[in-house]
Amino acid sequence: MGVRVKIACVGGGPASLYFSILMKRQDPSHDITVHERNPAGSTYGWGVTYWSELLDKLREKDPETALAISENSVNWNSGVAYVRDRTTVQPGDDGFGIGRRRMLELLAERARALGVRVEYEDEITADDLPEADLVVAGDGVHSAVRERHADRFGSDITLGRNVYGWLGTTKVYDAFTFSFQETDHGWIWAYAYPFSDEQSTCVVECSPRTLSGLGLDRMGEADGLALLEKLFADILDGHPLLGRAQDDDTAQWLTFRTLTNRSWRHGNLVLLGDAAHTTHYSIGAGTTLALEDAICLAEALGAHPDTETALAAYERRRKSELLRLQSAARHSAQWYENIHRYIDLPPEQMFALLGQRHSPLLPYVPPQVYYRLDRAVGRLEALRRLKRWLGPKLARSSQSRALAGRK
C-alpha cells in the first residue's frame, strides 16, 4: 500500500488505535479516522495485562508508544495462591498491568500527534459504513459491523460454563494473586493484579450453581460486593471491591463468549481484535492479541501492493499464530470449570498445576500423576541445562591441566 489511502476504523479500542498509529508511521499521507461511539474516557474494564514479549514488539514498531505504555504500567514477577487457610508463593515471568482507560488515552494521544482523526460519540451503523478504501471493524466481540455480514464471516460463538464478574479494588498487589474460597454452595475464586499505584483488577469466577446458591445472581451490586468482600477478606486486607456503579445497581455477572470467524474479510472490510476472535480472560492475552493483530495487518498492507492480497495474508498469518493460544485458552477455561479435580491437592501441587492449565494432556491424566511427571521432566531439563553449561567449562579446565602437564 504505497499510495495514499483512506482508512476508516470502526471502534476506538487498542487494536484500531494502534493500527492507525502504525499506518501513519508507514505513510503520513494516509487519511485515517477512528470512529468511537462512546464519549472519551468512558471505557470500562479496570486494568489489562501484558507480558515483556509484547513490550519488545511495541519498542520495535513504535518506540514512543512503547515508552508511554511502559512508563504508565506496574509489574510483578511472582504469583501467590490462597486456598482455604493455605498459602503458596511461586516465582513467575515478568507481568505488567496498565489501566485500560490510561492505555486508550495514550494510544489516542499518539495517534492524534501523527495526524489520525479520533472521533468520539461518533457511532457508525452497519448499514451506513464510511466511504473508504479500507474499513477496519475493531468494534469488539459484539461487533455490529461483523453481525451485518455474519453469513460472510461465518461467526461462531461458544459460551463458557462458569460466570464471572470484572471488578476493581483499592488494594494494590505486588504479585498476581489467587484466592480460592469454599462455600456451602461450592467454590468461588478470584484472581487479582495491580494496574496502577492506586488500584488493582479483581476477577471473580464461579459456577452458575454457586452463584445461585450464594444469591449473588439476585443481589444488587452493592449487596453483592459486600458479600464478596467477606468471602475474599484474606486478600483484600480491609480494602473495598469496586463495581461499575450503575444507576440501577445491577450486578454484572457474565458468561465468557469464545468467538471465532471462518473468514476475517469481506471486500474492503476486515476484522481486528475481539471482533475477529476472543480468548478466555484467564490467560490474560486479549489486549496483546489485539495489538499483535494491528501489527500484522499494518505489515501486510505495507508488504503487498493491493488490499485484497494484503488482507488475505493478514488473515492467513494471524489464524495460524492464534492456534496455539486459542488451544491454551480453551484448556485454561476448562481447568477452572473442573476445579474440583485439583482443589484438594497440597497447595504447592495445586498451584503448579494451575500453571500447567494450558496443557491438553492435563485433563486426561490423574492430577498427582501429572504433577510427578512434570516434576521429573523439570529435573531432567535442569540436568540437561547443567550439562550444557558445565560441559565446556570442564573441557576447558581439562585442557588447561593437560597443557600445564606438558610444561
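Leaving aside neighbours within four places in sequence, which residues is S196 in contact with? The answer, taken from a predicted model, is V74 and V172. The legends below begin with this residue.

View 1. S196 counts as buried because its relative accessible area is 17%, and buried means under 20%. Two backbone nitrogens lie beside the side chain of S196: that of E198 at 3.1 Å and that of Q199 at 3.0 Å. P346 stands 150 residues away from S196 in sequence, with 33 Å between the two C-alpha atoms.

**View 2. An open sheet of 6 strands.** The strand order is β6-β2-β1-β7-β16-β15, and the pairing is mixed. At the edges are β6 (117-119) and β15 (265-266), each of which pairs on one side only. Strands of a sheet pair through backbone hydrogen bonds, either parallel or antiparallel.

**View 3. The pairing of β1 with β7.** Residues 6-10 form β1 and residues 134-137 form β7; the two strands run in the parallel sense and share 4 bridges. In one of these, C9 has V136 of β7 as its bridge partner.

**View 4. The second largest cavity.**

Conventions: Residues numbered from 1 in each chain as written. Predicted model: local features only at pLDDT ≥ 70, side-chain atom pairs only at ≥ 80, totals over all residues. Heavy atoms only, no water. Pairing = 2+ DSSP bridges. 1 Å grid on protein atoms, 1.4 Å probe; cavity = no way out; pocket = protein on both sides within 12 Å on 5 of 7 lines; lining within 4 Å. Points joined across faces, edges and corners; volume = space filled by probe spheres on them. Buried < 20%, exposed > 50% of the residue type's maximum accessible area, 1.4 Å probe, protein only. Contact = heavy atoms within 4.5 Å. Polar contact = N/O pair within 3.5 Å; in protein donor to acceptor, adjacent residues only side chain to side chain.
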